[in-house]
Every structure is written in structure tokens, then in C-alpha cells.
Amino acid sequence: MEFLTFKLGIHPPERKEATEHLKVVKAVEPKTVIIPLQQHIGAPCEPLVKAGDTVKVGQRIGEPQGFVSSPVHSSVSGQVKEIAVKPSITGGEVVCVVIESDGLNEVHESIQPKGSLESLSSKEIIDIIKDAGIVGMGGATFPTHVKLSPPPEKKIELIILNGAECEPYLTSDHRLMLEQPQDIVFGLKAMMKACNVENAVIGIENNKMDAIQVMLDAVKDEPGIKVAALETKYPQGAEKQLIYSVTKKEVPSGGLPMDVGVIVNNVATAAAVANTIKTGMPLIERITTVAGKGITNPQNLLVKVGVSVKEVIEQCGGYAVEPKKLIMGGPMMGLAQYTDEISITKGSSGVIVFDEAEARMPEPSNCIRCGRCVSICPAFLRPVQIAEYSKHNMMEHAEKYRALDCIECGSCSYICPSKLPLLHSIRVAKNAIVAKKRKQKN
């Protein structure tokens, strides 16, 4: 079997052994959920409910504002206690709907199966996905209906499902492929019909050979769908790198996957599409890996959106030791948190808790000009130069060196022998460049 891959990249320790063989367990029903009204890239939602209102499971409680946005739904039935500003996993604060569950899980009257895949038109499928609030569940949280609605001049020829799960520790997608392969295929076929695409590939790293075999069995009677075995390498799951691995096409600088006729979605996103079409239930829960040496009993949990991270950790036996770092997502691209009083969202693929040894970071020293960051950058950038321009507020030079093409994988910071925070500096440059462009546009 040939293992496909992209150019450059790194090989961090996988550290998946704690959860990769653990079946998904349904989490304990929460007594209270705090549901953020922005769980997606794009405009935040406006609340549709107020304190004192009674809500049901699947009821829309947040209305999207604009095309690049996504509705939010209640994950429990009960009473709205307040609409309040709460800490966000992305930093800062976000408006949330706080709901006290009545424990009944009464489903809203609007939740009905959407019919057979054969009976649905392309537009109907996209509308179903849009109304269900489905976003990219690999962590990027880009609204799925937007991805599936490219401009007419962008002809899509291939859909790639990302089952690489290249981040260390995370195994939620792995378990999903083993336990719900038919849902993944069903959701993929729905997305193919939505885009009038005849061919699709499911890409899976070769450290998940069991998942590769399960998915091969699942698509054996689907002539337009193939499974690609990928070399285990980081960041194999990044869109542009995955596209190159599978097709050998390079997305141009500043371009998008649709510029080479490709749409990339996560396997969990496909499964969510299947669940919505089959049952009518919007995206109100997801599988989250809870791992790291700071966790007593690592698990893969099926958790409802809005559950506090603190409660999720308690369901895994609590902290094994005094936690030194809490990360939402994987350790490479995830975001460190200052509190566990935050909520699980649609993009919460992992909750990783480090003990002192895992969290320890050596002090940075001066750059030794070794060029290792350049030699491994999967986006073919010069990270150290962009970072230097950023530190000296020379953003026009950072832009010239293609700072906006950085995929923020963190490979440069990981490989740097001087332990320089290269990615942090590049992010500062990217934010400054984007802010300037937005100001000029307005």
C-alpha cells in the first residue's frame, strides 16, 4: 500500500495510546449549559431567547448575522437563566445563553428526518446543513454551507474528507471512523450531491490502519469514493498539505482549495451532516478527546455543546495532578486556557491537560541561524525572517515574505533549537496585516 504525503513537515510524538483504543462514551447529562453564540468563523449570532424562556433540545437559540455565520441551537431542554458575557475558548469573552436543564431532554417539534438522500436536491442539502449549524469540526469551525457554495466559476471536481487527525493526543476522529463509518460515508455522499461532485477521497494517516480498513470496507460499493492512506506526518491534516498529498496539486499563494477544484471537510463534519439528514437534529453534540498526564482517566466522550470543560474533566476522574496547562484542541494548534470555566463548542476536538513535565518550556535563546524552521515549513515560508520583521513592527516586510500564507501549524516553533516563539510573532504580523487591509477597505 502506498502512503501519500506532502513536502517537508515534522514528526512530533503521537501520544495517542491513552485513548486510541477506548470506545466513545456518552457523557453524563449536564445540569446547566453555557452555549456561546459564536462557535464559528464569521459573524456572531443574535440571541433568539431571553431569560425565563423555556427551550427544547434542537431549538434555535442564536440567529446568524450574514452568510458567513452559523445558527446555534440548544443542547438541552429547560429554562433560559440569562444571556450573559462569558469567557471564550478563543480568548476574550463571548455572549452566551445559559440554560438550566430540566433533565427531560424534550425535543423541539421542528426536529424531523429530512427524507432520503435520493429525494433531496443539492440546494435542499445545503439549506439543511446551513439550518443545522454545521461547521468544520476539525477545529477550524468554518461554516460548512459556505464551503459547499463556491462561486459558479469555481468548478469543484473532488471532495476530500480529512481523517488524518495528525495532532498528538487526539483520537476522536479515529474512534468515529471505527464506530460510525456508514454515517461518514452517508454525509460524504450528501456533500458530493450538494456540489454535484462525482469523486471523493477519505484521507487517513497510516498510524490508524484499523480505521483505513474499516473505511475501505465502508466504501467498497461506492465507486466514486476512495480511501487514501497517508504517511503519518504533521501537519498532514492541514487543507493545503492534504490536497497536495492526495492530488499533488498546489493551492496558490493567497488561494483557497476551490482554486484547484477541491473542497476539504472533516470526517466528523460528514457524520454530523448524516445525523442531521437522518434525524433532523442540528449540531448540538460532538466527540471530544480528554487526555494528557494531567487527566486521571483519559476518554473519548460524546459531549453536548455548552457543557463546561471543568465538568468534562470531572467525568474523567478529575485532575490526576495539579494542572500546569489546559489546551483546547491539540497541543500543536490548540489554544491554552487560563480557566476551566469555559464551554465545549462545536470545534472542541480535544481537552488536553499537561502535568508539569509536559508543560515545561525551556527559555528561548538567540537564533543560531540554523535554518531548520525554513527546512521543515510545509508552507515554504521563512518563519524566522517573518518573526523578526514582526518583532520590529515591519509588517510590510512580513507581508512581502508571505506571512498571510502561514497555516499556523507551529512546526517552526516546535523544531527551533533556540525555542523561539516563532508562531506567536507570525500571528501578531498576520493580525496586523489583516487589520490594516480591513481598515483600508472600509
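Student: Which residues does Cys-406 touch, not counting residues up to four places away in sequence?
Tutor: In this predicted model, Cys-406 has its place in the loop between helix H12 (395-400) and H13. Contact here means heavy atoms within 4.5 Å. With residues up to four places away in sequence left out, the residues that Cys-406 touches are Leu-381, Leu-423, Ile-426 and Lys-430.

Student: Is Cys-377 buried or exposed?
Tutor: Cys-377 lies in the loop between helix H10 (372-376) and helix H11 (383-391), and, leaving aside its neighbours within four places in sequence, this residue is in contact with Leu-8 and Pro-383. A residue counts as buried when its relative accessible area is under 20%. The relative accessible area of Cys-377 is 8%, so Cys-377 is buried.

Student: How many residues of the lining of the second largest pocket are nonpolar?
Tutor: The second largest pocket holds about 1000 Å³ of space, and, of the 31 residues that line this pocket, the closest to its centre are Lys-325, Pro-331, Met-332, Met-361 and Tyr-414. Among the elements that each supply at least two residues of the lining are strand S15 (325-328) and helix H14 (422-441). The lining has six charged residues and four polar ones, while the nonpolar residues number 21.

Conventions: Residues numbered from 1 in each chain as written. Predicted model: local features only at pLDDT ≥ 70, side-chain atom pairs only at ≥ 80, totals over all residues. Heavy atoms only, no water. 1 Å grid on protein atoms, 1.4 Å probe; cavity = no way out; pocket = protein on both sides within 12 Å on 5 of 7 lines; lining within 4 Å. Points joined across faces, edges and corners; volume = space filled by probe spheres on them. Helix = DSSP H or I, 4+ residues; strand = E, 2+ residues; numbered from the N terminus. Nonpolar A, V, L, I, M, F, W, Y, C, P; charged D, E, K, R; others polar. Buried < 20%, exposed > 50% of the residue type's maximum accessible area, 1.4 Å probe, protein only.
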